[in-house]
Amino acid sequence: MIFFAATLIGALVGWLRASRRGGDRLDKLQYAAVHAILFAIAGLFVTIAVHRMS
């Protein structure tokens with residue numbers, strides 16, 4: 001569950017960051033995709049850590 005939440009939050013953060021910098025639609029999509037991937041990787045590691053602790 002952490003993985004999916006992190007992916008969605010990452011996409012939102014990327015979209016907002018590109019919006020603040022004045023990017024067009026393709027810039028926003030690229031930022032959203034990159035941030036979603038990075039947050040998904042981080043969320044995956046957090047999920048693994050939580051499962052190994054329990």
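What share of the protein's contacts with a separation of 6 or more comes from residues 24 or more positions apart? Here is the answer, with some notes for a first look.

1. The share is 54%, where a contact means heavy atoms within 4.5 Å. Before going on, bear in mind that this is a predicted model, in which local features need pLDDT of at least 70 and side-chain atom pairs count only at pLDDT 80 or more, while totals for chains, interfaces and linings use all residues. Residues are numbered from 1 along each chain as its sequence is written, and side-chain values use heavy atoms, with hydrogens and water left out.

2. Overall layout: the protein has 2 helices and 0 strands. Both kinds of element are DSSP runs numbered from the N terminus, with helices being H or I of at least four residues and strands E of at least two. The radius of gyration is 13 Å, well over the 10 Å that the globule rule gives for 54 residues, so the protein is more spread out than a compact globule. That radius is taken over C-alpha atoms, and the rule is 2.2 Å times the number of residues to the power 0.38. Along its principal axes, the C-alpha trace spans about 45 × 15 × 10 Å.

3. Of the 54 residues, 20% count as buried. Buried means under 20% relative accessible area, exposed over 50%, and partly exposed in between (1.4 Å probe, protein chains only).

4. Helix α1 covers residues 2-20, and its 19 residues should span 27 Å at 1.5 Å a residue; the end C-alpha atoms are 27 Å apart, which agrees. The expected span is 1.5 Å times one less than the number of residues. After α1 comes G22, whose phi is positive, near 80 degrees.

5. Which residues of α1 are buried? They are A6, G10, G14 and A18. They cover an arc of only 95 degrees around the axis, which puts them on the same side of α1; the arc is that of the directions from the helix axis to the C-beta atoms. An α-helix has 3.6 residues a turn, so residues three or four places apart point the same way. The buried residues of α1 pack against α2, while the face turned away from them carries the exposed F4, L8, L12 and R20.

6. Helix α2 has 29 residues, which should span 42 Å; its end C-alpha atoms are 41 Å apart, which agrees. Its buried residues are K28, A32, H35, A36, A40, G43 and T47, and what covers them includes α1.

7. Two of those are worth a click. A32 is buried at 10% relative accessibility and, leaving out residues up to four places away in sequence, touches G10, A11, G14 and W15. A32 and A18 are 14 residues apart in sequence and 8.2 Å apart in space, C-alpha to C-alpha. T47, buried at 16%, contacts I2 and F3 once its neighbours within four places in sequence are set aside.

8. Finally, the rings. The whole structure has 1 aromatic pair: the rings of F3 and F4 have centres 5.3 Å apart and planes at 75 degrees, so the pair is edge-to-face. Rings of Phe, Tyr and Trp (its six-membered ring) pair if their centres lie within 6.5 Å; planes under 30 degrees apart count as stacked, over 60 as edge-to-face and the rest as tilted. F3 is partly exposed at 31%, and F4 is exposed at 55%.
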